[in-house]
Amino acid sequence: EPSWILEGNPMARGTVLVQSTDKLLSSGLWECTAGRFNWTFGWDEFIHVLEGEVRITEDGGDSYSLRQGDFVHFPLGLKTEWHVPQYVRKAFTLRTPEPFEL
């Protein structure tokens, strides 16, 4: 969503590699170039950072950096701000409340 971009021109792309039969569980890869943007999680997401770095600020003020090798869970509904200094690539697993259509 372009209105969520706060700084820069982040270019993101991702792909789902595998999905459960009921489409409530999906896993894949995602990457993004430098920039700062808002993101609200519409699902539970488990992330493993494969490359690069991202600084996450949660609604409410908690802030932390994720780097290569870090693993984290973001709960459904969490509002965040993402700051990608250069590049980040992650593996993800989503647990969605409704089937995730590709």
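Start with Glu31: leaving out residues up to four places away in sequence, it touches Met11, Ala12, Arg13, Tyr87, Val88 and Arg89. This is a predicted model, so keep that in mind as you look around. Glu31 lies in strand 3. Is Glu31 buried or exposed? Its relative accessible area is 14%, and because the cut-off for buried is under 20%, Glu31 counts as buried. For a sense of distance, pick Asp62, which is 31 residues from Glu31 along the chain. The C-alpha atoms of these two are separated by 23 Å.

Now follow the strands. Strand 3 covers residues 25-40, and it pairs with strand 7 in the antiparallel sense over 15 bridges. To find your place in that pairing, look for Gly28, which stands opposite Phe92 in strand 7. Strand 7 runs over 79-95 and also has strand 4 as an antiparallel partner, this time over twelve bridges.

Next comes the nonpolar core. The largest one has 18 residues, and those touching the most other members are Trp30, Val54, Leu66, Phe74, Trp82 and Val88. At least two residues of this core come from each of strand 3, strand 4, strand 6 (71-74) and strand 7. Which strand gives the most to this core? That is strand 7, with five residues. In soluble globular proteins generally, nonpolar side chains tend to be buried together.

Trp82 deserves a click of its own. Setting aside residues up to four places away in sequence, its contacts include Trp30, Phe37, Trp39, Ile47, Val54 and Phe74. Trp82 also touches Arg36, Arg55 and Lys90, among others.

The largest pocket holds about 540 Å³ of space. It is lined by 24 residues, and Ala12, Arg13, Trp30, Phe37 and Trp39 lie nearest its centre. Strand 2 (12-19), strand 3 and strand 7 each give the pocket lining at least two residues. Sorted by class, this lining has 17 nonpolar, three polar and four charged residues.

Finish in the loop between strand 3 and strand 4, where Trp43 is found. Why does Trp43 count as buried? Its relative accessibility is 18%, and the cut-off for buried is under 20%. Leaving aside its neighbours within four places in sequence, Trp43 is in contact with Phe74, Pro75, Leu76, Leu94, Arg95, Thr96 and Phe100. Thr93 is 50 residues from Trp43 in sequence, yet the two are 9.9 Å apart in space, C-alpha to C-alpha.

Methods
Residues numbered from 1 in each chain as written. Predicted model: local features only at pLDDT ≥ 70, side-chain atom pairs only at ≥ 80, totals over all residues. Heavy atoms only, no water. Helix = DSSP H or I, 4+ residues; strand = E, 2+ residues; numbered from the N terminus. 1 Å grid on protein atoms, 1.4 Å probe; cavity = no way out; pocket = protein on both sides within 12 Å on 5 of 7 lines; lining within 4 Å. Points joined across faces, edges and corners; volume = space filled by probe spheres on them. Nonpolar A, V, L, I, M, F, W, Y, C, P; charged D, E, K, R; others polar. Pairing = 2+ DSSP bridges. Core = buried A, V, L, I, M, F, W, Y, C linked by side-chain atoms within 4.5 Å. Buried < 20%, exposed > 50% of the residue type's maximum accessible area, 1.4 Å probe, protein only. Contact = heavy atoms within 4.5 Å.
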